Amino acid sequence: MEQARTRADSAPSGLPAGVPERRGTAGWHQVPEQTRGEHTHSETPLPRPRVERTSVRGQVLDALRTALVDGELVPGEVYSAPVLGDGLGVSATPVREAMQQLAREGAVEVVPNRGFRVTERSARELAELAEVRALIEVPVVLRLARTVPVARWAELRPLADATAVAAAGGDRAHYAETDRAFHRAMLALGGNEQLVQVADDLHRRSQWPLPGGGPLSRRADLVADAAEHMALLAALEAQDLTVVQALVREHFAGAAD
């Protein structure tokens, strides 16, 4: 069987070289409900594409985040660190460390003696996250629209273009990264690093998928969301505050649907 390609061979995603490309959901083996202990003889190891040994924990974290966004790690299922580690060609230790980080981000929860359960996001929870993001980002963007020199908005165009490319390819994981990069860069123009970090954390939490897909589960949804970035930049460059306000509110309303 041909080995999975690495991220370095795939379309640019911003992830470190050597991180395995996405596999289907069958590639991630969850822990049966009756399993006792974190690693059992009944679990079938994953294929063994290798993670480079440099910055192993970071690469494992990136790989798991990609699997979460793509829905390859299924909400509600429990996964053991040793089995996930086997699939990535690393020990269970960096997987546990990465999973602990994901638990702090609200993506998984620890199941004692078994592993980690992927968080199930309800439609209500996603709507609440979108509402909080809007409360933070909308007034900031409107203030920036009045104060940032027009030429500065052109700096964001390559990031908006990157979201369009990822959306056109239907690559949800890459779109999630480029989408957050665009929003971070826009908010960073205000100079408040704490605000950028809080907003990015909320944004990341909103990207974990619902069973069957979240608000941006289809390619058409991604394309429409990316088009809003382009339209917003055009309005900001034109200093059309009325259109800016309408677009930024619509953008977050769409995230809540």
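**A guided tour of the predicted model**

Asparagine 113 is exposed, because its relative accessible area is 57% (exposed means over 50%, buried under 20% and partly exposed in between, with a 1.4 Å probe and protein chains only). This is a predicted model, in which local features need pLDDT of at least 70 and side-chain atom pairs count only at pLDDT 80 or more, while totals for chains, interfaces and linings use all residues. Residues are numbered from 1 along each chain as its sequence is written, and side-chain values use heavy atoms, with hydrogens and water left out.

**Stop 1: the sheet**

Remain at asparagine 113, which is found in the loop between β2 and β3. Its phi is near 65°, a positive value in a residue other than glycine. Strands, here and below, are DSSP runs of E with at least two residues, and helices are runs of H or I with at least four, numbered from the N terminus.

Next, select the three strands of the open sheet, which has the order β1-β3-β2 and antiparallel pairing (two strands pair if DSSP finds at least two bridges between them). The edge strands, each pairing on one side only, are β1 (78-79) and β2. Strand β3 (residues 115-118) runs antiparallel to β2, and four bridges join them. Valine 108 stands opposite valine 118 in β3.

**Stop 2: glutamate 105**

Select glutamate 105 in the loop between α3 (92-104) and β2 (108-111). Is this residue, glutamate 105, buried or exposed? Glutamate 105 counts as buried because its relative accessibility is 6%. Display the side chains of glutamate 105 and arginine 65, which are joined by a polar contact of 2.3 Å. A polar contact is a pair of N or O atoms within 3.5 Å; within protein, one must be able to donate a hydrogen and the other to accept it, and residues adjacent in sequence count only if both atoms are side-chain atoms. Leaving aside residues up to four places away in sequence, glutamate 105 touches Arg65, Arg121, Arg204, Arg205 and Trp208 (contact means heavy atoms within 4.5 Å).

**Stop 3**

Finally, select glutamine 239, in the loop between α9 (219-237) and α10 (241-256). Glutamine 239 is not a glycine, although its phi is positive, at about 55°. With 49% relative accessibility, glutamine 239 counts as partly exposed.
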